[in-house]
Amino acid sequence: MDPDKSTAGMTSVRNFLRGRKFPGTVRMTRAGDETPPEVAAKPASNAASAGTGVEVAASYVEDRQKRSLAGEPSTSEEARGHVDDAHLNANVTQLDLKNMAVSPRGERATSPTERTNHAREANGATTPKQASSGTQNTNLRSMSDTRKAKFKRLLEQQVVDLDALRELAWSGVPSDLRPTCWQLLLGYLPPNRERREQILERKRREYRDMVPNYYDIQAAERSAEDDTALRQVIVDVPRTAPGVPFFAQKQLQKSLERILYLWGIRHPASGYVQGINDLVTPFLAVFLSPHMEGSVSNETATDFPEEVMICAEADSYWCLCKLLDGIQDHYTHAQPGIQRTVFRLEELVRRIDEPFTHHLESEGLEFLQFTFRWVNCLLIREIPFQLAIRLWDTYLAEGTRMRDFLTYVLAAFLLTWSSQLKRMEFQELILFLQRLPTADWGEKEVESVLSRAYMWRASFHHARSHLSQ
Amino acid sequence: MASGGSVSPLAKYKLVFLGDQSVGKTSIITRFMYDKFDNTYQATIGIDFLSKTMYLEDRTVRLQLWDTAGQERFRSLIPSYIRDSSVAVVVYDVSNRQSFLNTARWIEEVRTERGSDVIVVLVGNKTDLVDKRQVSIEEGDAKAREFNVMFIETSAKAGFNIKALFRKIAAALPGMESLSAARTEDLVDVNLSAAASQSRAGTASSASTCAC
């Protein structure tokens with residue numbers, strides 16, 4: 001059935017990649033990625049000061065948590081435990097990738113999220129084994145309280161330790177602390193407390209000034225290009241996040257319209273690209289959340305005071321700028337950033353689960369056919385909105401490494417259904433992949449994806465050539 | 001790829017939907033697939049795939065529909081789908097003149113990729129927006145003649161002419177030549193008079209038949 005099995009698309013991507021210079025440096029691995037596991041398995045203080053990033057540091061999240069919660073430095077015994085753990089993980093990952101790809105939550109595979117859970121448990125009054133389910137619930141509550149206390153302590157610092165915040169935020173941010181945490185992680189808020197208010201005030205004023213200068217102008221004053229851009233935005237705003245009634249409100253839509261239009265005309269290399277509308281929604285929802293009684297999912301008629309709205313709007317605008325700064329080439333002509341991510345994803349999946357890749361190939365399904373939207377919208381459309389916000393915690397904690405980590409997240413996401421997908425033929429495959437059964441997902445499922453992504457990065461990052469063939 | 005009945009393999013045809021942002025490509029497909037309409041489809045990002053089996057008088061065909069994103073930025077994705085399709089449905093919004101003017105580019109792109117070895121249908125959608133109409137049925141028809149492609153007006157919202165569009169396409173599919181030309185003409189006449197009455201765009205003359 002060769003009409004179905006076009007390989008033209010992928011070939012063209014390859015040709016495209018071959019002959020092309022991408023804006024910026026294209027590296028298949030990063031300096032920080034080359035750290036061998038032995039080095040990675042050093043105590044957290046080293047990792048953090050070496051600035052090798054979240055990944056190394058995050059594997060010791062629980063170590064640090066234990067220490068700081070207990071108010072004492074980690075014992076050498078603990079540290080050794082982690083080294084063994086890390087080795088075990090690395091070995092297991094290499095030997096048993098396929099299993100893990102299939103199992104929704106590899107038991108042996110501890111990742112920061114799961115480890116953090118362990119840490120939370122370990123900090124409870126009783127060990128998990130002794131605890132009855134009742135006390136376990138209490139423990140969970142107290143654990144989340146301790147975790148929250150830890151966040152609060154960090155945020156109260158005169159100069160927030162961003163590395164520590166990244167480690168902590170990677171496993172999820174308590175909802176009421178999200179606005180501040182996200183703004184810090186994105187570099188919108190300065191880590192130094194004293195400067196924060198001033199900066200915030202300046203950025204918000206700057207945004208407010210943009211509105212009358214660029215947006216609230218007569219149609220005749222707009223260039224034809226800008227007018228087209230505005231029309232595109234106006235068309236997309238009402239159909240942004242249609243599953244979330246919160247965004248159906250006029251007030252929200254007006255904000256969205258201004259943010260997108262202003263972003264577009266201020267970033268002429270890409271302009272507004274469909275899907276960027278999706279990317280603003282977590283910011284607006286989170287920055288307005290302190291002013292809402294309910295959650296975004298059930299809030300439908302909130303009339304925010306104008307001052308509240310314009311501040312949240314300005315903050316969302318600047319945070320969108322920060323987020324997209326790192327992935328600009330996802331949205332420039334021919335979208336090389338997306339093409340490259342998809343290409344890398346395919347190579348990675350081939351490494352992890354070759355029979356799966358074979359199956360897709362034999363059915364004539366190309367990665368670009370189903371992953372394009374995933375990358376363009378950073379998976380936001382593929383999972384319930386609340387979970388997208390949770391996913392954002394980790395993205396933002398990754399910071400500049402987010403775009404690389406995304407490939408691993410995509411692989412983990414896709415291979416969640418590996419065994420099912422291997423039994424499907426072309427049509428079933430593509431229909432399934434376009435509308436994944438994630439409606440009843442909870443944080444557990446998202447964190448499982450993140451765990452596997454984390455693990456695969458840890459096991460692949462030192463194989464320098466694995467993605468550059 | 002085992003599919004279709006055990007009797008004879010189902011003939012499969014690929015259709016690619018092209019046209020500017022927000023002209024109603026996804027809506028037309030959704031009306032055809034599920035007979036429903038929603039004002040708030042998210043913008044299509046990249047390409048979406050849908051499939052439907054059509055039971056015609058003398059045979060059954062499976063249509064594989066590729067729904068493309070309308071925004072300029074996504075255009076680099078589209079040529080490979082055009083190359084792969086035997087039908088290109090080029091949609092514009094009758095209440096948006098620019099989207100009508102841009103159909104020329106789409107049709108040319110299809111011709112560049114496929115030459116004349118392709119069925120092209122020009123579709124003027126959103127005829128329900130009577131008061132906002134910017135493109136008359138005559139203009140649509142004239143453009144279709146100019147490019148030597150089929151033409152029909154539809155309203156995915158009102159459910160108008162959507163079935164007719166797909167029947168028209170099915171009748172023109174390769175291997176369907178056995179269908180009498182008269183029947184095809186019938187279909188077109190019905191469509192156009194209906195379109196004319198709905199849109200009050202004036203008289204649809206007999207000249208408004210399919211130009212292919």
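The legends below describe close-up views of a predicted model.

**View 1. Domains of chain A.** The domain assignment divides chain A into domain 1 (3-89), domain 2 (193-325) and domain 3 (336-460). Between the C-alpha centres of domain 2 of chain A and domain 3 of chain A the distance is 28 Å.

**View 2. The interface of domain 2 and domain 3 of chain A.** On the side of domain 2 of chain A, 16 residues are in contact with eleven residues of domain 3 of chain A. The two domains bury about 1,000 Å² between them, and 74% of this area is on carbon and sulfur atoms. Of the area that domain 2 of chain A buries against domain 3 of chain A, 41% is supplied by L279(A), P282(A) and L323(A), more than by any other three residues.

**View 3. Polar and charged pairs between domain 2 and domain 3 of chain A.** One salt bridge is found across this interface. R381(A) and D278(A) form a salt bridge in which the closest N and O atoms are 3.2 Å apart. Two residue pairs are in polar contact between domain 2 of chain A and domain 3 of chain A, both at pLDDT 80 or more. Helix α15 (residues 276-288) of chain A contributes seven residues to the side of domain 2 that touches domain 3, the largest share of that side. By class, this side of domain 2 of chain A has ten nonpolar residues, five polar residues and one charged residue.

**View 4. The salt bridge of K422(A) and D353(A).** The side chains of K422(A) and D353(A) meet in a salt bridge, at 3.3 Å from N to O. The pair links distant parts of the chain, 69 residues apart. K422(A) is in the loop between α22 (418-421) and α23 (426-434) of chain A, and D353(A) is in the loop between α17 (336-352) and α18 (354-363) of chain A. K422(A) counts as partly exposed because its relative accessibility is 29%, whereas D353(A), at 1% relative accessibility, counts as buried.

**View 5. Further salt bridges in chain A.** R373(A) forms a salt bridge with E382(A), with 2.9 Å between the closest N and O atoms. Both R373(A) and E382(A) are buried. A network of salt bridges links E346(A), E347(A), R350(A) and E361(A). Over all chains, the structure holds 34 salt bridges.

**View 6. The fold of chain B.** Chain B has seven helices and six strands. Read from the N terminus on, the elements of chain B follow the order β-α-β-β-α-β-α-α-β-α-β-α-α. Of the 212 residues in chain B, 57% are buried. Among the contacts in chain B with a separation of 6 or more, 71% are made by residues 24 or more positions apart.

**View 7. The salt bridge of E139(B) and R97(B).** The side chains of E139(B) and R97(B) meet in a salt bridge of 2.6 Å, N to O. E139(B) lies in helix α5 (residues 137-147) of chain B and R97(B) in helix α3 (residues 97-101) of chain B, so the pair ties together parts that are 42 residues apart in sequence. E139(B) is partly exposed, at a relative accessible area of 28%. R97(B) is also partly exposed, with a relative accessible area of 30%.

Notes. Residues numbered from 1 in each chain as written. Chains lettered and ligands numbered in written order. Predicted model: local features only at pLDDT ≥ 70, side-chain atom pairs only at ≥ 80, totals over all residues. Heavy atoms only, no water. Domains from an automatic or database assignment. Contact = heavy atoms within 4.5 Å. Buried area = accessible area lost by both parts, 1.4 Å probe. Salt bridge = Lys/Arg side-chain N within 4 Å of Asp/Glu carboxyl O. Polar contact = N/O pair within 3.5 Å; in protein donor to acceptor, adjacent residues only side chain to side chain. Helix = DSSP H or I, 4+ residues; strand = E, 2+ residues; numbered from the N terminus. Nonpolar A, V, L, I, M, F, W, Y, C, P; charged D, E, K, R; others polar. Buried < 20%, exposed > 50% of the residue type's maximum accessible area, 1.4 Å probe, protein only.
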